[in-house]
Amino acid sequence: MILLLATAPFRSLGVIALTLAWARSIHVNAFSTSSRIHSYNNLNAANKAKGAIPHSSSNLIQRTTLRATTNPSSHQGGSLPSLPDIRAAVIVPGFLTGKNEFLALSQSLNNMGIPTVVVPMPNWHWLPCLGGRSMRPMLERIDFTVRHLAGVAGDLGDFERTTSESLEKSLEDALSMQDMTTARKTKTTDDDPQLLIPNISYNIFDCYQDFRNNPGGVLEVGGSAEVDEYPLWNPKGSFSSAPEPTGKVALIGHSAGGWICRAYLSERNYGGKSYGGNRFVHSLITLGSPHGNAPGPAFKGVEWVNSEIMDAGSGVRALAVAGTGYKGDSSGSLTEGAYSFCMGSDVRPDGSVYDGDGVTPIESALAMKEYMPHADTMILDDVGHFCWSDVFGGETVAPDLTKYHREGRPWYGDDVIIEKWAGWL
């Protein structure tokens, strides 16, 4: 779910056991997805009508102008030929979540004509990263997925039209049969890009080896918690080779997945490998991601990312999205603790004074602007961090946030909220 669960909240073995058990068993209930057809122009107009425009929450976050179109990237990187920007996306799940939790979001974007896939991993693949350790296992999975989508990106240029035609036909057929559910369940290899992404070969024995050897974190595995001092180490798992890239795609990072995407874009060496993801990525959207520096091993990776200024010359556009409406003093103990954790307990230990999405305070979610000065920012009123009531264990981990979600308060992945940020792509 979030970086918070990795370190500070673990005050007892009971809490650790609960979190690990939840990470192994979490699953998502079936979501319903919208069948409406959205053109890009209608999306952009809807965004303006709904007030989803970038604005600042502090003096540190400057107002920027939201761009409605994707410009060709100027930075091609390495010896790769110039690649076109394709309006397709990879979703990177947040801490302790996996593909299943984000398939509904992916399908909603597909229905809008934006071919989208989720990094193909279950939530237990995060276990080697517990305690604030190296994110190399996650970076390998992001790289694998981005390269595979980039390899077929050239064939996705007509996706919006063909998807719209397919959905319209499904709607017509369903209406003629007086069965709207048929249209919503219709899925073929032609309109589901997820089927184009191979699975990752990774078993429990690989996970155990990674858990033992993944460097950094509270225990300073390998000798240090500092990213630049990590020993050379390669995560386990088998990742099939991707075809040559035919276009650049977008990244959508939820929670911790957002700052990890920034590490992927960097050309610097992270724990023995330089990913240089900006060669394959034209845009980055982060949803409720903690981008601000804070004390503790869990934020060593964030500090490493923030030690580099990535400007427009990187060729990657960026949008930091923050939710608000969940006050630290009235949204439950997890929210208050998470806000304190993200903002730094040595600065202001009382998380009750902050506002955010229930997990990430506004200031941290928009802090990416300080390190990607060209980035746009967007604040969404009364939007929560996660679909808590749709997952097993939500009631135990975040009872107050689960209650709010069950009562109908939206999160970043609900259709009405997706419409507010997806048009930016």
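This is a predicted model: local features need pLDDT of at least 70, side-chain atom pairs count only at pLDDT 80 or more; totals for chains, interfaces and linings use all residues.
Arg 409 lies over the face of Tyr 326, 4.0 Å from the ring centre.

**Ring pairs**

Aromatic pairs number twelve in the structure. Among them is Phe 95 with Trp 126, which is edge-to-face because the ring planes stand at 70°, where over 60 is required. This pair links distant parts of the chain, 31 residues apart. Phe 95 sits in the loop between β1 (85-92) and α3 (103-111). Trp 126 sits in the loop between β2 (116-118) and α4 (136-152).

Phe 102 and Trp 411 also pair edge-to-face. Phe 102 lies in the loop between β1 and α3, and Trp 411 in the loop between α14 (399-406) and α15 (415-422), so the contact ties together parts 309 residues apart in sequence.

| Pair | Centre to centre | Angle between planes |
|---|---|---|
| Phe 95 and Trp 126 | 5.2 Å | 70° |
| Phe 102 and Trp 411 | 6.0 Å | 65° |

**Burial and cluster**

For Phe 102 the relative accessible area is 1%, which means buried. Trp 411, at 2% relative accessibility, counts as buried; the cut-off is under 20%.

Phe 102 and Trp 411 belong to a cluster.

How values were computed: Residues are numbered from 1 along each chain as its sequence is written. Side-chain values use heavy atoms; hydrogens and water are left out. Rings of Phe, Tyr and Trp (its six-membered ring) pair if their centres lie within 6.5 Å; planes under 30 degrees apart count as stacked, over 60 as edge-to-face and the rest as tilted. Helices (H or I, at least four residues) and strands (E, at least two) are DSSP runs, numbered from the N terminus. Buried means under 20% relative accessible area, exposed over 50%, partly exposed in between (1.4 Å probe, protein chains only). A charge sits over a ring if NZ of Lys or CZ of Arg is within 6 Å of the ring centre and within 35 degrees of the ring normal.
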